[in-house]
Amino acid sequence: MTTSLLLSLLFSFVILASAANFNQDIEVTWGDGRGKILENGNLLTLTLDKFSGSGFQSKNQYLFGKIDMNIKLVPGNSAGTVTTYYLRSEGSTWDEIDFEFLGNLSGDPYIVHTNVYTQGKGDKEQQFYLWFDPTKDFHTYSLLWNPQRIIFSVDGTPIREFKNLESMGVAFPKSQPMRVYSSLWNADDWATRGGLVKTDWSKAPFTAAYRNYKADACVWSSGKSSCSSTSPSQNSWLSQELDITSQQRLKWVQKNYMIYNYCTDTKRFPQGLPKECSVH
């Protein structure tokens with residue numbers, strides 16, 4: 001084996017390990033042993049039983065980034081359970097970018113719930129069905145957060161874009177560093193059909209599985225960002241936007257799979273829809 005080939009193999013291994021090693025990047029923060037890092041850091045599982053759920057968070061904080069995670073959701077009768085995957089800052093006026101997966105009865109589709117909070121205020125929910133069964137295999141759920149926009153994607157297909165419309169007086173999260181969080185917990189008071197369908201504890205424990213966590217992101221540490229303003233080309237996601245193809249795919253998802261949009265809920269906003277709804 002040539003030296004260059006050996007170095008190439010070693011380099012690719014290092015890149016792979018850094019992109020997927022939960023021991024290095026993640027800490028399980030609650031659940032009393034119900035969250036487990038397995039397979040030398042390549043697999044993470046969260047479990048929910050009648051006594052407790054579980055959760056983890058990233059060791060690093062980020063101020064902008066593209067976060068990818070492969071997730072296989074709770075199979076079978078998952079009614080009453082919620083699997084979350086989100087970015088959140090600290091404090092009482094927090095920022096947050098939210099994926100939540102609302103479980104359902106066997107055979108009924110999961111609901112993908114999305115939201116954006118700025119300074120502790122959300123109320124920007126959009127919900128979707130998926131075009132596949134998210135319990136059969138791992139799928140990639142991505143959050144792109146840059147100064148111009150937030151894009152939620154599933155297997156590379158955008159399902160939602162929230163643009164920076166500060167020029168219109170719409171708040172946008174851009175100054176508070178956030179960690180990645182995920183949890184599996186019981187929310188049968190609201191999660192499935194408004195709380196009508198309860199968790200069937202005879203099916204417990206419930207388990208969600210995670211692989212290939214990847215954070216192309218600006219690490220925030222000691223009040224400074226790891227991203228250099230002089231080399232933005234190394235972080236193409238910092239200026240990424242939806243190209244024509246991606247815009248078409250976004251429209252396809254929103255036409256065929258969106259089941260709730262706060263921007264069309266006139267009953268909820270009798271004084272008028274939020275400002276951003278005229279653009280989004």
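Biologist: Which residues form one aromatic cluster?

Modeller: Y85, F99, F101, Y141 and F152 make up that cluster. Keep in mind that this is a predicted model.

Biologist: How many aromatic pairs does a search of the whole structure find?

Modeller: The search gives 16 aromatic pairs. Take F162 and F172 as one of them. Their ring centres are 6.3 Å apart and the planes meet at 5 degrees, so this pair is stacked.

Biologist: Where do F162 and F172 lie?

Modeller: F162 is in strand β12, residues 157-163. F172 is in the loop between β12 and β13. The pair therefore ties together parts that are ten residues apart in sequence.

Biologist: Are F162 and F172 buried or exposed?

Modeller: Both F162 and F172 are buried.

Biologist: What lies over the face of W94?

Modeller: That's R88, at 4.2 Å from the ring centre.

Biologist: Let's switch to the strands. In what order do the eight strands of the open sheet come?

Modeller: The order is β1-β4-β13-β6-β7-β8-β9-β16, with antiparallel pairing. β1 (26-30) and β16 stand at the edges. Each has a single partner strand, so one side of each is left without a neighbour in the sheet.

Biologist: By how many degrees are neighbouring strands of this sheet turned against each other on average?

Modeller: The average is 15 degrees, direction ignored.

Biologist: Now β7. Why is β7 largely enclosed by the rest of the structure?

Modeller: Its residues are 96-102, and seven of the seven are buried, so the strand is largely enclosed.

Biologist: Which residues of β7 are on each side?

Modeller: One side has E96, D98, E100 and L102. The other has I97, F99 and F101. Both faces are covered, and these residues are all buried. As a general point, side chains in a regular strand alternate between the two faces of the sheet.

Biologist: How many bridges join β6 to β7?

Modeller: Seven, with β6 (residues 81-88) and β7 running antiparallel. The bridge partner of Y86 is D98 in β7.

Biologist: And how many bridges join β7 to β8?

Modeller: Seven bridges there, and β8 covers residues 111-117. That pairing is antiparallel. I97 stands opposite V116 in β8.

Biologist: On to Q127. Which strand is Q127 found in?

Modeller: Q127 is in β9, residues 126-128. Its relative accessible area is 17%, so Q127 counts as buried.

Biologist: What does the side chain of Q127 make a polar contact with?

Modeller: With the side chain of H113, at 2.9 Å.

Biologist: And Q254, which helix is Q254 found in?

Modeller: Q254 sits in α3, residues 244-256. With a relative accessible area of 29%, Q254 is partly exposed.

Biologist: Change of topic: cysteines. What does the count of disulfides come to?

Modeller: The count is two disulfides. With the bonded cysteines numbered in sequence order, the pairing reads 1-2, 3-4.

Biologist: How far apart are the sulfur atoms of C218 and C227?

Modeller: They are 2.0 Å apart in this disulfide. The link is left-handed, with -100 degrees about the S-S bond. C218 and C227 are both buried.

Biologist: Why is the disulfide of C263 and C277 left-handed?

Modeller: The torsion about its S-S bond is about -80 degrees, so the disulfide is left-handed. C263 and C277 are 14 residues apart, both in the segment after β16 (258-261). Their sulfur atoms are 2.0 Å apart.

Biologist: What is the relative accessibility of C263, and what is that of C277?

Modeller: C263 is at 9%, so it counts as buried. C277 is at 14%, so it counts as buried too.

Key: Residues are numbered from 1 along each chain as its sequence is written. This is a predicted model: local features need pLDDT of at least 70, side-chain atom pairs count only at pLDDT 80 or more; totals for chains, interfaces and linings use all residues. Side-chain values use heavy atoms; hydrogens and water are left out. Buried means under 20% relative accessible area, exposed over 50%, partly exposed in between (1.4 Å probe, protein chains only). Helices (H or I, at least four residues) and strands (E, at least two) are DSSP runs, numbered from the N terminus. Two strands pair if DSSP finds at least two bridges between them. A disulfide is a pair of cysteine sulfur atoms within 2.5 Å. Axes are lines fitted to C-alpha atoms, for helices over the stretch in contact, and angles run from 0 to 180 degrees between N-to-C directions. Rings of Phe, Tyr and Trp (its six-membered ring) pair if their centres lie within 6.5 Å; planes under 30 degrees apart count as stacked, over 60 as edge-to-face and the rest as tilted. A charge sits over a ring if NZ of Lys or CZ of Arg is within 6 Å of the ring centre and within 35 degrees of the ring normal. A polar contact is a pair of N or O atoms within 3.5 Å; within protein, one must be able to donate a hydrogen and the other to accept it, and residues adjacent in sequence count only if both atoms are side-chain atoms.
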